[in-house]
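Visitor: I would like to learn how to read salt bridges in a model. Please start with the general idea and then turn to the case at hand.

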Amino acid sequence: MTSLKRSVDTDPFASNLSSKVYVRSTKNGKVQKIVREVYLRQDIPCSSRLCSKCIATAPRSAAGNVSPFVLSDKPAGTKAFPQGHYLVPDTNALLNAMDLFEQGSAFFDVVILQTVLEELRNRSLPLYNRLIGLTKSQEKRFYVFFNEFRLETYVNREVDESINDRNDRAVRHAVKWYNDHLGQTKSKDVPVTVMLSDDRGNLEKAKQDKVPAIRLRDYVSGLKDAERLLDMIAESQERVASKEKKAEFLYPEYFSLSKMMTGVKSGMLHQGIFNVSPYNYLEGSIKVPAFPKPLLILGRDNINRSVDGDVVVVEVLPQDQWKEPSTKIIEEEAITKNENADNDEDAADVVTEKERRALQEQVKKTQGLTTEGRPQPTAKVVGVIKRNWRQYVGHVDPSTVSQTARQGRKQESVFLIPMDKKIPKIRIRTRQAGELLGKRILVTIDSWDREHRNPVGHFVRSLGELETKAAETEALLLEYDVQYRPFPKTVLDCLPSEGHDWKVPTSTDDPGWKDREDLRGLLICSIDPIGCQDIDDALHARPLPNGNYEVGVHIADVSHFVKPANAMDTEASIRGTTVYLVDKRIDMLPMLLGTDLCSLKPYVERYAFSVLWELSPSADIVDVRFTKSVIKSREAFSYEQAQLRIDDASQQDDLTAGMRTLLMLSKKLKQKRMDAGALSLSSPEVKVQMESETSDPIDVKTKELLDTNSLVEEFMLLANISVARKIYDAFPQTAILRRHGAPPKTNFDELANQLKVKRGLELRFDSSKALADSLDACADTSEPFFNTLVRIMATRCMMSAEYFCAGTQSYPEFRHYGLASEIYTHFTSPIRRYADLVAHRQLAAAIDYEAMHPAVRARGRLEAVCKNINVRHRNAQLAGRASVAYYVGQSLKGRVAEEDAFVMRIFSNGFVVLVPPLRHRGPHPPARPRRPGARERLRRRELHPAPLRRLRRAVELFQKVRVRIRDVKDEATGKRGAKMELVAPAA
Amino acid sequence: MPLDTSTYDLALLRVDGRRWNELRRLHAQIRTQAAADGSSYLEMGNTKVMCVITGPSEDAGKRRGLAASAATAPGGSSAADVAVSIVVGGVQFCGSEEEGQGRQLQPPSVGARSSFRLFKVERIQELQATIAKALAANLHVHLYPRSTIGISLHVLSQDGSLLAALINAATLALVDAGVPMTDYLVACTAGSTSTHSAGDEGADPLVDLNTQEEQELPFLTLGTLGATDKVAVLVCETRVQVSRLEGMMASAADACKGVRNFLDQVVREKGHKMVTEGAVEKGASMAMDIDI
């Protein structure tokens, strides 16, 4: 008989083989055992430049490359470790103070252990990703040491040892090994390898084992700049030690996860994203699949520690607690102005008297008024599935800073007032309160426990003085999550090595010319705003012998320079879009490409992607084709120049003739579009909000749009639509398209109702055509602005357009409501939008120019790209608007003005007005680079909280009123804002 | 849970601590079932398979109906059929289609997450056909006219590279059964360190993947003839860039050589043991090659 059993000692690998056993439960509740092999080895290097032993056995990649050793041979020292030190943080240290590790001034030469990395990944994926990002940075010198795979540092879990204890032991063991290992080198000043921890138990055990270890806080105290750095350690860990006294709970407890899950499954509870009303910080709403209208969440108790954007689970309240949406404007600063950050724990109840009164009044009101507005279902938050906390920008509330702290170094709690009104005040503990006053600062939220009224966070970084350009701009960029750092070297390495000297190869045999059409002979020109540098598009038109016209739109061939999946492409896909602020442009692609090599500048040859139509004289498409090409633009016009040239009858050259043809055709195209029901939202403000879907900007000084604006716009729309059809034909699953959903009918109910009651006008909204027509009819001859007002309000009822992957929607859903087109995409601005770049690649594959790169073909990946660029696009718009608002606000400083305004919304204690263009107000903001992200003519809505019971009856919706606008800085909170006062209801 | 395959770049270490070109621990035995004509047991890491050979026996006509996936070598019925059946978790996938149609069977797995992936009957049939065809071309089946070589493979536990392990085990068992063959038919998997859509040009090839790697990365199974680079089996079911394919195939071929040396060593040790224990007469032709 032979036995299958093998004896362990005959196996040469036995000592180096271990296995990990996990037990996990599967989705259907079964328990499953997982066994994984672990191969232990001795050739994992320590990666210290001091070490000569490890370099000999350093691993090589398949290509034979050895990765260079990371840890410096002369690491920085501190008082405690004068000979220099390598840091080994444990998991808690990273969890609590990742911001510290990202500092540029300290924390170099850090060894991240595999044990720690694995634990961190289980605890927090975002932190894990940040850490991985750190290990890739060259300056920081972070090294990941795979201690679990090295024979000497591998630790077996002992009987009765918890997994955490085992991991802590593994960390200590690895630190010990590092010290022993480096001790063998011949160098005189061997750096100490120090464990950084926050866990008291772990530190004590390290002391027993004589492993160098230090508390994170003690270590940071020994650094220069300690005060600033100390503030960045998360708040949570402090409390564990210091405050285990009786905890008084202010908020109801959350349900357990399993309870929430079963509740959601059975339909008793509902899950959704929590949104805070912009007018009232105590009112939130949540859209859940089970109800057509959002559920209301009123009051602190019911909101129960959720922050705008969190994914929460709610329970619907009994019907007798249903209410109308608030009719009141409630701002947090006004109500909680005098709260003291330090006294937080003493507060007996979560809802202060004032807050209660504010809410109470409202309840009374709703009960009296049941005929007019039906009460809506309300709900309370019972748990949070996922926090959506990010870093917040704000400023310290000066009233919460004590006098002593302004000079001293005492640690105290202060409130931070976030820029975003929807975010509650954040309590932070700091020793540098005095210095932080009057600064824009960046903080994160660490936690929000039941015993705290406000969330607790910590200081990350100061951006600079309040109301200085640099600080406010950076604050804006951070708040809207715009990537504004300079392009890293890896990205710049992807640029052509010739730099600005790059030229289209003269020889047509060059590979760059492969399958390109030579269109250099065509009379092509570009029309853009004055001073435009990144010229995306150029046009031409010429008559054909058969009486038709050949029209071409030529788009910068960005995909020639940005190859899929390289560093530059990855960066661009993250940025998603170029962001235009008043005084700054944050590019999606490096300058060299955007303003030079890709830009279709006049008089030079450039690569382009051309769409060529044959159009009949009535602007019907006879034929369309797409080709990569080489063009030479004859002239770069501004809109005005182009208009002048067209109007100048003495100009009879072919180029001008071509432009006149284009203009003639564009008018016909526009008419067709209007007939099909495209919405014309004539006011520029609305145009931006609606996003006119063209690449042409509205010049800031143009009061009326010139014909040439719409000329460019029409052909860009035509190109986008033609391309959308083509790529959808070729790739019905993966084509990247853009849709604009029809707005739900209920959105218009209120507006239509009000129009009817107040003005006797009818708003029809069954189709985009009907809406367009009835909007035209909504005019008041005595008040030209009335029409614009209605359009603005109608626009607010609409959905926003979005990018999507063709396979995710059915064909009827592709429709672009605003443009009344069945299918649409973005193709014409690849320099500033990533979606266009993807469309370029897909089109290139569709015409068999090049094979489609897998990254552009994988649907999952494309969906992720769409999701990202939708967010980025929205953020870019918001950032642009906020930037204009800031500049106009600055120009208003210290002035008082009286203005006509229109009432947009009425609350019981105030109303919202729209002040038409503040154009003549003060100096213009400096000329912006290009493409105003938001209108110059600012829409200002401000509140009017003055007690005006007497006047209230006199004010009604759409009414024109006269208001006095003053710029006021609230001395208590240091917040600047425009205050409005009603002067008189204007005639 | 441990890290995933994306951390390879950090220190050129795979999820289980191996380098890119290292095989898992191999362990094999032959003649494990004294009653069978040939038998073997093989472990590649946690993938454990057993093989039992019946035949060659001269009753091809009658038995053919039972054979699950049979491959006939060129030459028609004058050569032996190779019939392969694979058993996963005690359920035999052979012949009777109505029994197994559309059913999914779970292997008795210790491999990471592998038991989530269920074994479809069609999948097993595909494996059977692949193995049968490859072996029929390698074995000297023309020496056994009108016979059948029955190969029964048992998957005891699965942790990646299953097809490769099955082929290697079958080869060993056929050596034990004394069926003449051109050379060892050995197989190994190879993958690439980044996913298809990542489009990373600097990706390293990997050999001998475990389940986790198979689930996260593109991979192929390559079978070669002994020490040569002659490819007998090539199965690739994931998407991978053409540019990476060459590197993957080259490293798989190298790994196959390693597997071949290992199998050869197992055979020689067993032979040596049989000679010393007197199971084979001294001077019998079989002993000639041993100890050379």
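**Reading the salt bridges**

Guide: At 9% relative accessibility, A:Arg41 counts as buried, the cut-off for that class being under 20%. Note that this is a predicted model.

Visitor: What can side chains of opposite charge do when their charged atoms come close?

Guide: They can pair. Here the side chain of A:Arg41 forms a salt bridge with that of B:Glu22, at 2.7 Å from N to O. B:Glu22 sits in the loop between helix 1 (8–11) and strand 1 (26–30) of chain B, and A:Arg41 in the loop between strand 2 (31–39) and helix 1 (53–57) of chain A, so this pair joins two chains. B:Glu22 is partly exposed, at 26% relative accessible area.

Visitor: Which residue meets A:Asp310 in a salt bridge?

Guide: A:Arg387 does, with an N to O distance of 2.6 Å. A:Asp310 is in the loop between helix 11 (299–303) and strand 11 (311–316) of chain A, while A:Arg387 is in the loop between strand 12 (379–386) and strand 13 (391–396) of chain A, so the pair ties together parts 77 residues apart in sequence.

Visitor: Is A:Asp310 buried or exposed?

Guide: A:Asp310 is buried, with 0% relative accessibility. A:Arg387 is partly exposed at 24%.

Visitor: How many salt bridges are there over all chains?

Guide: The count is 56. Some residues are linked in a network of salt bridges, among them B:Arg14, B:Asp16, B:Arg18 and B:Glu213.

Note on methods:
Residues are numbered from 1 along each chain as its sequence is written. Chains are lettered from A and ligands numbered from 1 in the order in which they are written. This is a predicted model: local features need pLDDT of at least 70, side-chain atom pairs count only at pLDDT 80 or more; totals for chains, interfaces and linings use all residues. Side-chain values use heavy atoms; hydrogens and water are left out. A salt bridge is a side-chain nitrogen of Lys or Arg within 4 Å of a carboxyl oxygen of Asp or Glu. Helices (H or I, at least four residues) and strands (E, at least two) are DSSP runs, numbered from the N terminus. Buried means under 20% relative accessible area, exposed over 50%, partly exposed in between (1.4 Å probe, protein chains only).
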